[in-house]
Each structure stands twice: as structure tokens, then as C-alpha cells.
Amino acid sequence: MRYRLTFIAGLAVGYVLGTRAGRERYEQLRKNARRIAQNPAVRNTAESAALTGRQAASKAFVTVSTKVEGRLPAPVAERVRSLREQRAADEDEWGTSNT
């Protein structure tokens with residue numbers, strides 16, 4: 001309940017501040033956000049973070065599937081095993097945006 005009230009209070013404060021700032025401030029923030037998002041350094045950092053996340057997810061998948069495989073029903077364990085083998089064959093198993 002405490003978190004819900006905190007969220008609602010934050011939403012209300014954001015709404016009030018947003019309506020006071022007006023459309024011009026909104027457009028200014030939007031323009032700055034777009035400029036930052038198109039910055040090559042930011043894009044490279046985001047891509048690097050995504051790649052690191054994909055590598056960590058791949059390692060976690062292998063670790064968890066290996067530990068849990070013996071406790072799963074046979075059809076599910078077989079599916080996990082086939083997914084693990086399929087992922088091992090791919091160079092980039094989670095896909096990239098290539099940007």
C-alpha cells in the first residue's frame with residue numbers, strides 16, 4: 001500500500017509540474033531527448049550495454065537450464081536441451097540491432 005501511495009503521489013506531482021511547464025517546455029525537453037538519443041557516443045554506449053546484457057542472459061540461460069534440467073518433466077527438459085544446443089550454434093543468439 002505504501003508503494004502505491006508513493007507512486008500516486010509522484011504521478012500527481014509530475015502531472016502538476018508538467019501542466020505548469022506547458023507545451024513549450026515539453027517541446028524543449030523532447031528536442032533535447034532526441035538530440036541526446038541520436039548522439040553517436042550515447043548510441044554506442046547503449047549498444048555496448050545491450051551486448052553485455054545479451055551475453056549475461058546467454059550465460060544465465062545455460063547455467064539455469066543445466067541446473068534445472070534434471071528436475072523438469074521429460075518433454076520440457078528435452079525442449080530446454082534442444083534450445084541450449086540451438087543457442088550454442090548461433091554466434092549472436094539474442095539478436096542485434098546492428099546500428
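Predicted model: local features only at pLDDT ≥ 70, side-chain atom pairs only at ≥ 80, totals over all residues.

Which residues are linked in a network of salt bridges? They are Arg23, Glu27 and Arg30. Residues are numbered from 1 along each chain as its sequence is written, and side-chain values use heavy atoms, with hydrogens and water left out.

A salt bridge here means a side-chain nitrogen of Lys or Arg within 4 Å of a carboxyl oxygen of Asp or Glu. Glu27 meets Arg23 at 3.0 Å, N to O, and it also pairs with Arg30, with the closest N and O atoms 3.4 Å apart. Helices are DSSP runs of H or I with at least four residues, numbered from the N terminus. Because Glu27 and Arg23 sit four residues apart in helix H1, about one helical turn separates them. Glu27 and Arg30 are three residues apart in H1, again about one turn.

How open are these side chains? Buried means under 20% relative accessible area, exposed over 50%, and partly exposed in between (1.4 Å probe, protein chains only). Arg23 is exposed, at 59%, while Glu27 is partly exposed at 30% and Arg30 is partly exposed at 37%.

Elsewhere on H1, which covers residues 2-37, you'll find Phe7. With 57% relative accessibility, Phe7 counts as exposed. Phe7, Ile8 and Leu11 make up a nonpolar surface patch with about 330 Å² of accessible area together. Such patches take residues with over 30% relative accessible area and no salt bridge, joining like charges within 9 Å and nonpolar side chains (Val, Leu, Ile, Met, Phe, Trp, Tyr) within 5 Å. The areas come from the Shrake-Rupley method with a 1.4 Å probe, and for residues only the protein chains shown count as cover.

Now for H2, residues 40-68. Its 29 residues should span 42 Å at 1.5 Å a residue, and the end C-alpha atoms are 41 Å apart, which agrees; the expected span is 1.5 Å times one less than the number of residues. Arg54, Ser58 and Ser65 are buried in H2. Arg54 has a relative accessibility of 13%, and it forms a salt bridge with Glu47, the closest N and O atoms being 3.5 Å apart. Glu47 is partly exposed, at 21%.

Definitions and conventions
Helix = DSSP H or I, 4+ residues; strand = E, 2+ residues; numbered from the N terminus.
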